[in-house]
Amino acid sequence: MLSCGSDRGSGDADDELRHVAHIVRQTLGFYREDAPSTAVALAQMVEDVAELYRRKFEGRKLKFFANVPADLQAFAVAGELRQVIANLLANAIAAAPAGSEVKVSGRATDTACELIVSDGGEGVPAL
């Protein structure tokens with residue numbers, strides 16, 4: 001589970017700067033073009049992207065839970081996969097009722113792996 005609490009006081013400017021630098025490094029990872037496909041640890045990537053959205057989770061009083069096996073990997077372009085996960089989390093944050101939960105789970109299938117994002121929102125209306 002991503003901890004959404006924050007005990008940062010005004011005297012913690014160095015901690016805040018380190019946090020901002022970490023976010024910048026992660027964000028720059030979104031924009032690496034022509035990167036080769038590599039083995040990507042999905043649990044770590046989900047946690048890293050969720051950390052980028054920590055303040056949005058806090059602002060909506062959402063609890064974030066991730067249940068992705070530590071050894072679950074995908075062969076993909078890391079920046080592109082990170083962007084997909086970011087889009088899914090952003091959509092979940094927007095759709096989730098305030099005070100509810102956003103969950104990400106992962107599993108391996110016979111031929112692939114799956115990440116499932118759930119948010120408790122109303123969903124997409126049927127046509």
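Reply: A98 is exposed, because its relative accessible area is 59%. Exposed stands for a relative accessible area over 50%, buried for under 20%, and partly exposed for what lies in between, with a 1.4 Å probe and protein chains only. This is a predicted model, in which local features need pLDDT of at least 70 and side-chain atom pairs count only at pLDDT 80 or more, while totals for chains, interfaces and linings use all residues. Residues are numbered from 1 along each chain as its sequence is written, and side-chain values use heavy atoms, with hydrogens and water left out.

A98 sits in the loop between α4 and β4 (101-108). Helices here are DSSP runs of H or I with at least four residues, strands are runs of E with at least two, and both are numbered from the N terminus. Once neighbours within four places in sequence are set aside, A98 is in contact with R60 and L62; contact means heavy atoms within 4.5 Å. R60 is 38 residues from A98 along the chain, yet their C-alpha atoms are separated by 5.1 Å.

K61 belongs to the loop between α3 (54-59) and β2 (63-67). K61 is exposed, because its relative accessibility is 63%. The phi of K61 is near 55 degrees, a positive value in a residue that is not glycine. Most residues other than glycine have a negative phi.

F57 and F64 are both buried. A search of the whole structure gives one aromatic pair. The ring centres of F57 and F64 are 5.2 Å apart and the planes stand at 50 degrees, so the pair is tilted. Rings of Phe, Tyr and Trp (its six-membered ring) pair if their centres lie within 6.5 Å; planes under 30 degrees apart are stacked, those over 60 are edge-to-face, and the rest are tilted.

α4 (78-95) and β5 (113-118) each give at least two residues to the lining of the largest cavity, and α4 has the largest share, three residues. The lining consists of V46, I85, L88, L89, V104, L115 and V117. Seven of the lining residues are nonpolar, with no polar and no charged ones. Nonpolar covers Ala, Val, Leu, Ile, Met, Phe, Trp, Tyr, Cys and Pro; charged covers Asp, Glu, Lys and Arg; the others, Gly among them, are polar.

The structure has one cavity of 30 Å³ or more, and the largest cavity has a volume of about 30 Å³. On a 1 Å grid over the protein atoms alone, a cavity is a set of points where a 1.4 Å probe fits but cannot get out, and lining residues have an atom within 4 Å of a point. Grid points are joined across faces, edges and corners, and the volume is the space filled by probe spheres set on the points.

S118 also lies in β5. S118 counts as partly exposed because its relative accessibility is 35%. Beyond four places in sequence, S118 is in contact with E101, V102 and K103.

Q73 lies in strand β3 (residues 73-76) and is partly exposed, at 47% relative accessibility. Not counting residues up to four places away in sequence, Q73 touches A39, V40, A41, L42 and C113.

As for the whole, the protein has four helices and five strands, in the order α-β-α-α-β-β-α-β-β along the sequence. Of the contacts with a separation of 6 or more, 77% join residues 24 or more positions apart. Buried residues make up 30% of the 127 residues. The protein exposes about 8200 Å², of which carbon and sulfur atoms supply 53%; the areas come from the Shrake-Rupley method with a 1.4 Å probe, and for residues only the protein chains shown count as cover.

Notes. 1 Å grid on protein atoms, 1.4 Å probe; cavity = no way out; pocket = protein on both sides within 12 Å on 5 of 7 lines; lining within 4 Å.
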